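Please read the following note with the model open beside it. The points are numbered so that each may be checked in turn.

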Amino acid sequence: MRSRRKEGPEKLTGVAKYIDDFRFQDVLHAVTVRATVPRGRIKQIHFDPSFDWTGVVVATADDIPGENTVLLIERDQPVLARDEVRHVEEPLLVLGHPDRAMAYDASKHVRIDYDPLEPVLDPERSSTVFKSFEIQKGDLEAGFAEADAIVEEEYRVPHQEQAYIETNGIAAWEESDGTLVVLGSMQCPYYVHKALLPIFPRDPGKIRVIQAATGGGFGGKEEYPNIIAAHAALLALKAKRPVKLVYDRHEDMRATTKRHPARIRHRTGVRRDGTLVAQDIDVLMDGGAYITLSPVVLSRGILHASGPYECPNVRIRGRVVATNTPPNGAFRGFGAPQTLFAAELHMEKIAKTLGIDSVALRRKNLFRLGSTTATGQVLRESVGARQTLDRALEKSQYSRRKKAAARWNRVRKNPTWRGVGLATVFHGAGFTGSGEIFLKSRAGVRLTPAGDIVVDAASTEIGQGTTSILAQIVAEALDVPYEWIRVETPDTNQVPNSGPTVASRTCMIVGGLLERSADKIKERLAADGVRWPLTRAALRGKNLSITEEFEKPGEIEWDEETYRGDAYGAYGYATLVAEVEVDKLTYEVTIRDVVTAQDVGRAINPLLVEGQILGGTVQGIGYALLENVVFENGAMANAQFTNYVIPTTLDTPPIRVEIVEEPYSRGPFGAKGVGELPMDVPAPAIVAAIHDATGLFLTALPALPEQIEEAFHDRAPRQR
Amino acid sequence: MKVVRPGTATEAIELTARFDGAVPLAGGTDFMVSWNAGEANGLTVIDLSRLSSWRRIREAGRTLRVGSLATHWQLQSHDVVRRRFPLLAQACATIGGRQIQTRGTIGGNIANASPAGDTFPPLLVYDARVRLVSSARRRGMAIRDVFVGVKRTALERGELIESIDLPYHRSPSRALFRKVGTRKASAISKTVAAGLLWLRRDGRIRELRFALGSMAVTARRLETVESFLRGKKPTRRVVDEAVSLLERDVDPIDDLRSTARYRLEVSRNLLRSFLL
């Protein structure tokens, strides 16, 4: 069903309220004072005596009633630095003033003296390992011994900025009954709730976190709101007034999390016919100054590092290390776009080395039903890898197009080179391994006495369509019109904890809980003698409420210690064919055409699925060709959209989306996740297409014209 | 911040003289960014938006006189500009996005003197003259003398840009405008090139005018290359030699947006392909 967005009209007409649209009485506008050095001991904080500090309220680490820690995986990151700073832009204090401009002015009159320490900015030189993993399958040495050829390469992927349309922002205040309320732009209200508790010790019911309309997240609002919420709440408690803390774009880009950069090495043993016999992969990620979610990002990264291919002998090693740069964090794809870029481009390298067609190479090794992954997981169902490949080849007329490009390239006076490239990826849907079991997510459906049908979940609408898709699942299960369903605002005082809105899990996991809840409601109504088609009148006075909790699927086994077993319940698959054109004078790359086929299990709302795929493809194009975080002194130097270039509509090629449906028995109506999958596939396909066009094998992102120019001149000059 | 709004040109000139160091505000597309960043606190702003006579584009003898407050949108849609000065029309169509084009003005663009100003190479090859006015005098200045550094011009205190004169010229054998910004819209240039070439009947070069922007602190005409080529036939060998002289005229920089190496290489390619 291509039903319309529940929240669409409100957003279109400007009725939806984002955090900066809320007005509060006696509010203080807060500004964060941040470190200017990548590493140092704090000697002293000076408040300029010539400045008029009347009306300014300042909160420092000394004002924190509980622990000075941002609780996530570890407790290493302080809410406000007290003795030592570990990265530029690390928060030191928060100040507020009733006038926003005055608050900014005041922040410029705070000076911090440091004893500078030597920073570590290069992850290769870091001696602090946050986390390391190793995956082993078969006998690596025996595999290499069988190989006819060994293909090695090193790949690099950069930071990437989430570039959500609305910057981070939170408001906080204390109610007269002592409830600390936090309202703002976020993906995971219950993460914020959990993080605030140790900082502001009180009865858990006295902390209430509410999501405001949120203008995009892409992972950038998964864990970062924990920090900004703590800052706003701290100042609100000190000032005894509401506080609003909204970042401007420059601050948001410089201070908040980005995609982890990575260096990935592949050494692959392969038979002459293209059969993979050994994969040895080494992944290094730069975590930044604090752990945040780095271990989990690395985990997903290594679990996708082999690509969607079966190989009997595999070793994947990964580590994420500390550097004195702002912490990296969650970003759509969560480690997988990094390692899949390397895995897929390496398939091109292998094909080139063996002198065989890269499509044939993929086809030979691609996952199929019954394949065993690097962790030893046997794929029992819902494996659409080959279908996506076949469909994308067919719909793009890949072979014909590739020949046409070669013909074009033979004409010397043509102003460009053309090329066609492709990539195939997989993406584990939902949390890794036992993640969902630990989460014990809960979500439910409720009938109000007035006959309304309400969805209760903490899953947030961040532009991806949560509200619509959850309503649709319940409507379909109850067999009632979609318009009848209302979705409750994610508010920790109102809704059960359905887990974070991350990892492409909302539709598959939370949707699954809601489908079960709705089924039970339906049974109860039927037992009450209610008949279908349902009427609103029949629901009135029923006052039913069902909340379901996630249960471990019986057949799923995962060993956290050895990294063996079922890493994910199911995987999505995607193939993308890109045709590019490289300008002979400027080396600029234009994408002429994209065709992508993606296996999402079942498209509950094809319109939303298409939206996710289109958006992810464009974000992937930015990752491939444009987005370049320039670092100076350990922080982002180009923290404006004028200099950090993301694709515009004019940079968006025609994109044709083919939806492949290989249903997953445990997803609602067969659905698997789709949120992240589209982000994984464009970059390797585009870089493969540049290879096809120019003969240049680029191994690092972004493939800027500057890099292409350099690559040209690093090798024998080609005729133009 | 204090804002004054003169109703006439005379008033504007008077106020500019009276408020020493005041900022003349035209389209404000760059000024608003610095204002938002708190960099304009305490300044006096002279809002020129009521000077409708400075918005006009009209013929004046053998030149087209473009009022300094003419917007990029006006310029790119103006019939005479499109026919006689197409490189300027093309440049205006690549500045920012539509919103910027309808606010931003040619005079503001010049006064702002950004190293990445997209209109400057076309203005340079069209030999534009900037007409300046102050309470003391009125004078003209060749566009190539206007830019003296990053966001610095040769304008004296109290001077306002009244108009820009574009002299008519014989239609060229070839013309080029090329903006290299990597992104297809709302991009800031890495390199921007404008060229006009007049060939004699025997195939020799009568005149070449070629200018590059965004390469260094100011946009520049390639004077060495231009004079080297005068009277020569653009054979591959001659063009290669001309291209090798390019470095004498421009000294490209590394910055957040690109590298000196790339800028130089792309400029060479653009010049070579324009000449061959």
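1. A contact here means heavy atoms within 4.5 Å. On that basis, residues 24 or more positions apart account for 81% of the contacts in chain A with a separation of 6 or more. In chain B, 62% of the contacts between residues at least 6 apart in sequence join residues at least 24 apart.

2. This is a predicted model, in which local features need pLDDT of at least 70 and side-chain atom pairs count only at pLDDT 80 or more, while totals for chains, interfaces and linings use all residues. Residues are numbered from 1 along each chain as its sequence is written, chains are lettered from A and ligands numbered from 1 in the order in which they are written, and side-chain values use heavy atoms, with hydrogens and water left out.

3. Helices (H or I, at least four residues) and strands (E, at least two) are DSSP runs, numbered from the N terminus. Chain A contains 19 helices and 27 strands. Its radius of gyration, taken over C-alpha atoms, is judged by a globule rule of 2.2 Å times the number of residues to the power 0.38. For the 720 residues of chain A the rule gives 27 Å and the model has 26 Å, so chain A is as compact as a globular protein of that length. Along the principal axes, its C-alpha atoms fill a box of roughly 75 × 75 × 50 Å.

4. Chain B has 13 helices and 14 strands. Its radius of gyration is 19 Å, which agrees with the value near 19 Å for a compact globule because the chain has 276 residues. The corresponding box for the C-alpha atoms of chain B, taken along the principal axes, is roughly 60 × 45 × 30 Å.

5. Buried residues make up 64% of the 720 residues in chain A, and 52% of the 276 residues of chain B.

6. The size of an interface is often given as the accessible area lost when the parts come together. Buried area is that loss, found with a 1.4 Å probe and summed over both parts. Chain A and chain B bury about 2,200 Å² between them, and carbon and sulfur atoms carry 51% of it. Leu585(A), Glu588(A) and Glu706(A) supply 26% of the area that chain A buries against chain B, more than any other three residues. The contact takes 28 residues from chain A and 21 residues from chain B.

Methods. Buried < 20%, exposed > 50% of the residue type's maximum accessible area, 1.4 Å probe, protein only. Buried area = accessible area lost by both parts, 1.4 Å probe.
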